[in-house]
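Trainee: I would like to learn how to read a structure of this kind with you, feature by feature. Could we begin by looking at it together?

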Amino acid sequence: MNKNYYINILKARLSPERFSHSLLVVETAMKIGEKLALNKDDLWLASLLHDYAKDLSCPELLAVARKNKLITCKVEELQPGLLHGPVGAFLCQQDLQLREQEVLQAICYHTTGHGEMSLLDKVVFLADLLEPSRSYAGVDELRKICEDDLDKGLLLAFDGTLQYLLREKLLIHPLTVQARNRLLLVRERRDIE
Ligand code: DGI
Ligand code: FE
Ligand code: FE
């Protein structure tokens with residue numbers, strides 16, 4: 001894989017801050033994924049490109065999403081920032097000829113999560129929240145928990161996002177609810193066994 005090709009394309013698309021965030025997400029994702037059974041090229045690509053569409057404006061996100069039938073619920077129309085995942089995955093497929101479905105899926109769902117998250121989806125999602133320049137309350141605890149138990153960390157991450165959305169009176173994407181419900185159910189079953 002020609003890594004420089006992707007790095008240069010991304011650098012030209014994103015603000016310097018967003019580009020440097022993307023490199024930190026790669027670093028974090030590779031560290032989290034080190035000992036996991038994951039395709040490391042897929043992990044590298046998905047974590048690098050996860051915010052490919054992040055610097056598009058809301059009208060631009062909506063225009064691409066409407067034209068290509070990417071909108072899956074009303075919440076996305078009302079909070080178009082949520083579309084940077086699905087639009088990013090679409091543009092990576094269209095502009096960069098990215099064909100790896102697993103990579104496109106991880107990019108698509110990196111903001112909301114979803115009910116059937118793969119290991120790749122989970123690592124990209126968490127690396128985005130844990131990269132070293134993130135400094136919200138609770139991030140160190142989350143980093144520590146993820147070292148021991150990825151799903152426990154993921155559940156805590158969704159709890160944190162949901163608490164933030166409730167506090168700020170923001171709409172909750174149904175996929176965020178599905179992701180959190182699924183994690184909770186899977187964990188409960190494991191505890192009972
Ligand atoms: O793109 P990044 O800033 O690196 O990170 P991200 O893609 O995880 O986006 C984070 C934002 O997404 C954060 O402000 C919370 C928001 N978000 C996540 N789930 C939901 C949500 N916003 C709404 N309105 N509803 C959700 O379900
Ligand atoms: Fe993002
Ligand atoms: Fe990000």
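The dialogue below takes up a helix pair, a residue in a helix, a residue in a loop and the ligand.

Mentor: A word on conventions comes first. This is a predicted model, in which local features need pLDDT of at least 70 and side-chain atom pairs count only at pLDDT 80 or more, while totals for chains, interfaces and linings use all residues. Residues are numbered from 1 along each chain as its sequence is written, chains are lettered from A and ligands numbered from 1 in the order in which they are written, and side-chain values use heavy atoms, with hydrogens and water left out.

Trainee: At what angle do helix 3 and helix 7 pack, and how is such a pair read?

Mentor: Two packed helices are described by the angle between their axes and the distance between the axes. Here helix 3 (residues 40–49) and helix 7 (residues 101–108) pack at about 30°, with their axes 9 Å apart; the axes are lines fitted to C-alpha atoms over the stretch in contact, and angles run from 0 to 180 degrees between N-to-C directions. Helices are DSSP runs (H or I, at least four residues), numbered from the N terminus.

Trainee: Which residues make the contact?

Mentor: Contact means heavy atoms within 4.5 Å, and it is made by Asp-42, Leu-45, Ala-46 and Leu-49 of helix 3 with Glu-102, Val-103, Ala-106 and Ile-107 of helix 7.

Trainee: Is Asp-128 buried or exposed?

Mentor: Buried means under 20% relative accessible area, exposed over 50%, and partly exposed in between (1.4 Å probe, protein chains only). Asp-128, which is found in helix 8 (residues 119–130), counts as buried because its relative accessibility is 8%. Its side chain is joined to that of His-50 by a polar contact of 3.2 Å, where a polar contact is a pair of N or O atoms within 3.5 Å; within protein, one must be able to donate a hydrogen and the other to accept it, and residues adjacent in sequence count only if both atoms are side-chain atoms.

Trainee: Where is Ser-15 found?

Mentor: Ser-15 is found in the loop between helix 1 (3–13) and helix 2 (16–33), and with a relative accessible area of 25% Ser-15 is partly exposed. A polar atom of the Ser-15 side chain lies 3.1 Å from the backbone nitrogen of Arg-18.

Trainee: How many residues surround ligand 1?

Mentor: Ligand 1 is surrounded by 18 residues, each with a heavy atom within 4 Å of it. An oxygen atom of ligand 1 is 2.8 Å from an N or O atom in the side chain of Lys-54, and a nitrogen atom of ligand 1 lies 2.8 Å from a backbone N or O atom of Leu-171.

How values were computed:
Helices (H or I, at least four residues) and strands (E, at least two) are DSSP runs, numbered from the N terminus.
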